[in-house]
Amino acid sequence: MAERLFFSVPLSRISQLELIRLQAQLSSDLGGHGRVVPAANFHLTLAFLGNVTQQQKTQLLARWAEMTVPEVSLELNRLAYWPRAGVVCATTNRTPMALADLAHALRRDAAEHGFHQSHAPFRPHITLFRGVGGLKEELPEIKPVPMTVQEVDLMVSVMGPKGVEYHSVKRWGR
Ligand code: 2AM
């Protein structure tokens, strides 16, 4: 059976707590638009693969038996509303080059092996609200939320009783 997989960076508990605080502040600005993403689902997507069979997953893990996790920190220093995706996210205007290099390598590998092809440029972001439609208000400026990249996960997305859940299939650290 195929699984829906993606590579992502997990958040520390401290970054999670800051983002929960930000969600609470934003809820009134969004005036009830959209659904709050639970903190357990916060992650920074590097590459989305889509459906992957067990055989393809075994080959993927063999290709990525080694991965150098970049030693970088970033600041989530602004909010963005992406109407097509219907999301409000915390993002940055300063993408560390080493993180972009890893995201590009993972995306290239995905495309070369018949998985999802990401055409949009890599923009590190943490999705805070989903299903946000027709937002007219400008989003406020925010106090930057620091985030350190220490690990990368291969994640599987599954439908649980309370909605989508993400679980780590494999974790690379430094
Ligand atoms: P997100 O980081 O913007 O939330 C698991 O589904 C993750 O993969 C989600 O977090 C989502 O992005 C990303 N994702 C889902 N579908 C996608 C698609 N079609 N293209 C790119 N990324 C996708």
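Around the ligand sit R4, F6, H43, T45, F48, H116, H125, T127 and R130, each with a heavy atom within 4 Å of the ligand. This is a predicted model, so local features need pLDDT of at least 70 and side-chain atom pairs pLDDT 80 or more, while totals for chains, interfaces and linings use all residues. Residue numbers run from 1 along each chain as its sequence is written, and side-chain values use heavy atoms, with hydrogens and water left out.

**Ligand shell**
- At least two shell residues come from each of β1 (3–9), β3 (44–52) and β7 (125–130), strands being DSSP E runs of at least two residues.

- H125 puts a polar side-chain atom 2.6 Å from a ligand oxygen.
- T127 has a side-chain N or O atom 3.0 Å from a ligand oxygen.
- H116 has a polar side-chain atom 3.3 Å from a ligand nitrogen.
- On its own the ligand has 470 Å² of accessible area, and the protein covers 72% of that (Shrake-Rupley, 1.4 Å probe).

**T92**
- T92 lies in the loop between β6 (87–91) and α3 (97–112), helices being DSSP H or I runs of at least four residues.
- T92 counts as buried because its relative accessibility is 10%, and the cut-off is under 20% (1.4 Å probe, protein chains only).
- A polar side-chain atom of T92 is 2.8 Å from the backbone oxygen of E75.
- The T92 side chain also reaches the backbone nitrogen of R94 at 3.0 Å.

Note on methods
Polar contact = N/O pair within 3.5 Å; in protein donor to acceptor, adjacent residues only side chain to side chain. Buried < 20%, exposed > 50% of the residue type's maximum accessible area, 1.4 Å probe, protein only.
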